[in-house]
Amino acid sequence: MDTKASIEMEKAAQILKLLGDKTRLSMMKLLQTNECCVSELAEIYKASQPAMSQHLRKLKDIGLVKEKRKGQWIFYSINQTHKHYNFLVSILDSLPTQDDRLIELEKQGLRISCC
């Protein structure tokens with residue numbers, strides 16, 4: 001058995017359960033190539049900031065998402081150092097890009113950029 005490519009069934013089930021939510025799955029695909037803050041995600045998914053924070057907290061609790069403070073903003077991205085990052089990427093790579101959501105946000109002038 002190739003231990004490098006394998007993942008415990010329990011951990012795989014936990015990750016898949018979190019990704020079973022369409023919003024979280026879409027968010028993870030978006031965060032695969034972009035950093036976003038809660039307000040951007042709330043606008044993209046037409047949801048409240050507390051709702052988006054709950055999604056992010058669940059993903060952060062198991063280490064799939066990391067946060068980085070830039071000035072007054074906290075930006076979220078996929079944790080590429082997560083033990084099961086390759087498993088996550090194997091799922092996300094088979095999904096359609098979500099970058100058009102950010103492009104639309106930029107057109108509306110709602111993309112947050114700092115620095």
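**Exercise 1.** Find which residues have the most contacts inside the largest nonpolar core.

*Solution.* Start with the total: this core has 28 residues, and Met-28, Leu-41 and Leu-56 have the most contacts inside it. A nonpolar core here is a set of buried Ala, Val, Leu, Ile, Met, Phe, Trp, Tyr and Cys residues joined through side-chain atoms within 4.5 Å, with buried meaning under 20% relative accessible area (1.4 Å probe, protein chains only). Next, see who contributes: H5 (85–92) is among the helices supplying at least two residues, and H5 gives the most, with five. Helices (H or I, at least four residues) and strands (E, at least two) are DSSP runs, numbered from the N terminus.

Before going on: this is a predicted model, where local features need pLDDT of at least 70, side-chain atom pairs count only at pLDDT 80 or more, and totals for chains, interfaces and linings use all residues. Residues are numbered from 1 along each chain as its sequence is written, and side-chain values use heavy atoms, leaving out hydrogens and water.

**Exercise 2.** Work out how H2 and H4 cross.

*Solution.* Take the axes, lines fitted to C-alpha atoms, for helices over the stretch in contact, with angles from 0 to 180 degrees between N-to-C directions. Those of H2 (residues 22–33) and H4 (residues 49–61) come within 11 Å and cross at roughly 75 degrees. So H2 is roughly perpendicular to H4 (65 to 115 degrees). Now look at who meets whom: Met-27 and Met-28 are among the H2 residues, Leu-56 and Leu-59 among those of H4 (contact: heavy atoms within 4.5 Å).

Conventions: Parallel < 35°, antiparallel > 145°, perpendicular 65-115°, else oblique. Buried < 20%, exposed > 50% of the residue type's maximum accessible area, 1.4 Å probe, protein only.
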